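Dear colleague,

Please read the notes with the coordinates open.

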Amino acid sequence: MSSDKRLLHWLLRGLMAHALVLSTGASLSACGGDESGKGTTTDEGSADEDEGTEDEDKDPPVTGSRDSGMRDSSVRDSGKPPVVKDDAGDTTPPAKDAGGTKLDGGTVDAGKTDATTPPPAPGGGYIRGDAPTSASASAKGKYAVKTYTNGYRDGPAYADSTIHYPTDAEPPFAIMAIVPGFVSPQSSIQNWGPFLASHGIVTMTIGTNSPGDQPPAREAALLDALKTLESENTREASPLKGKLDLTRQAVGGWSMGGGGTLLAAEHTPSLKAAMAICPWNPGYNYGKVKVPSLMFAGTLDTLAGGQSQPFYQSIPETTPKLLWEVNGADHWYANDPAGQGGAVGRYGLSFVKVFLEGDERYRPFLKEKGPNASDFRTNM
């Protein structure tokens with residue numbers, strides 16, 4: 001993308017964002033659109049994308065996609081090193097393998113990207129750290145987290161994005177992509193990124209090309225984001241080069257993003273888990289879903305309320321599934337893992353730990369009826 005086009009792109013996005021802010025005061029009937037600011041979070045853990053002039057010497061475009069209909073993609077801010085930011089907000093250049101790299105399992109020699117792998121779980125998968133407790137599964141994990149927003153493939157099916165990764169956990173890492181809802185920015189679901197990464201799961205939170213993207217477009221955005229994460233496993237300057245287990249992939253999304261999440265689960269059976277937050281896709285039957293699926297719902301959700309029950313019923317009984325509806329909860333309550341005293345994070349983390357990482361130590365938490373549950377269903 002030329003500097004002129006890039007400037008125009010950002011100006012257009014700024015105008016759209018300004019228009020959306022003005023429209024929220026008019027009682028917008030859409031996800032995240034009320035003027036109370038529900039469901040939005042501060043991008044404290046992400047690095048701002050460099051909006052300056054791009055280098056003339058660009059990497060060749062990365063081609064290919066899970067969706068054969070997608071156009072070829074370019075490299076996000078190619079030619080520039082990724083800006084890396086830690087939880088404290090400090091930015092640092094990408095780490096180089098100079099000397100030993102301190103990891104959970106000790107150190108690795110300079111230049112190596114493959115640290116000691118975490119102990120294998122029975123039947124495959126990974127075991128990380130001590131046995132979880134209800135408290136530890138409800139809170140931020142023990143691993144330090146850094147984020148970066150440029151230097152990687154710029155997928156055509158999503159807009160802004162942030163990659164969150166643990167810096168002191170043993171690779172390989174499973175990967176997950178999460179998308180927001182109708183007229184809602186990446187920041188509305190972004191707290192899931194550092195939370196999951198602090199427990200050892202590389203997570204990419206994304207925005208959408210259009211605020212009005214329907215569930216199928218959000219499905220495409222999720223799969224395109226996973227494609228970008230896949231490319232990070234081989235990109236020379238990537239802090240994740242050689243550290244990802246590409247056989248372990250999951251998706252998540254809120255509202256229309258939740259509907260798109262379940263569509264991705266239906267059409268991409270190689271996925272290991274799907275987390276649908278107050279999913280919206282009225283009347284759709286997910287009878288072909290074979291991917292383990294988690295659904296959050298609330299009784300005071302005036303936008304997607306009552307949809308999760310038929311979604312749950314339509315998913316075959318042979319597919320692991322769980323529905324937790326919270327009495328008195330609205331459309332935004334599960335956008336942050338800290339919701340419901342951390343129970344939101346406990347269910348989300350436990351689900352991806354069991355089905356994405358294969359850590360069965362978290363399964364008991366999925367069998368416990370959640371707090372304030374008005375409806376709790378599971379076949380596990």
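In strand β10, the bridge partner of Ile-163 is Met-204; helices (H or I, at least four residues) and strands (E, at least two) are DSSP runs, numbered from the N terminus. This is a predicted model, in which local features need pLDDT of at least 70 and side-chain atom pairs count only at pLDDT 80 or more, while totals for chains, interfaces and linings use all residues. Residues are numbered from 1 along each chain as its sequence is written, and side-chain values use heavy atoms, with hydrogens and water left out.

Strand β8 (residues 161–166) runs antiparallel to β10 and is joined to it by four bridges, where pairing requires that DSSP finds at least two bridges between two strands. Strand β9 (residues 173–179) is parallel to β10, also through four bridges, and there Ile-178 has Thr-205 as its bridge partner.

All five of the five residues of β10 (residues 202–206) are buried, so the strand is largely enclosed by the rest of the structure; buried means under 20% relative accessible area (1.4 Å probe, protein chains only). Val-202, Met-204 and Ile-206 point one way from β10, and Thr-203 and Thr-205 the other way.

Turning to the helices, the axes of α4 (residues 215–232) and α5 (residues 256–267) come within 7 Å and cross at roughly 65°, the axes being lines fitted to C-alpha atoms over the stretch in contact, with angles from 0 to 180 degrees between N-to-C directions. The two helices are therefore roughly perpendicular to each other, a term that covers 65 to 115 degrees.

Best regards

Conventions
Buried < 20%, exposed > 50% of the residue type's maximum accessible area, 1.4 Å probe, protein only. Parallel < 35°, antiparallel > 145°, perpendicular 65-115°, else oblique.
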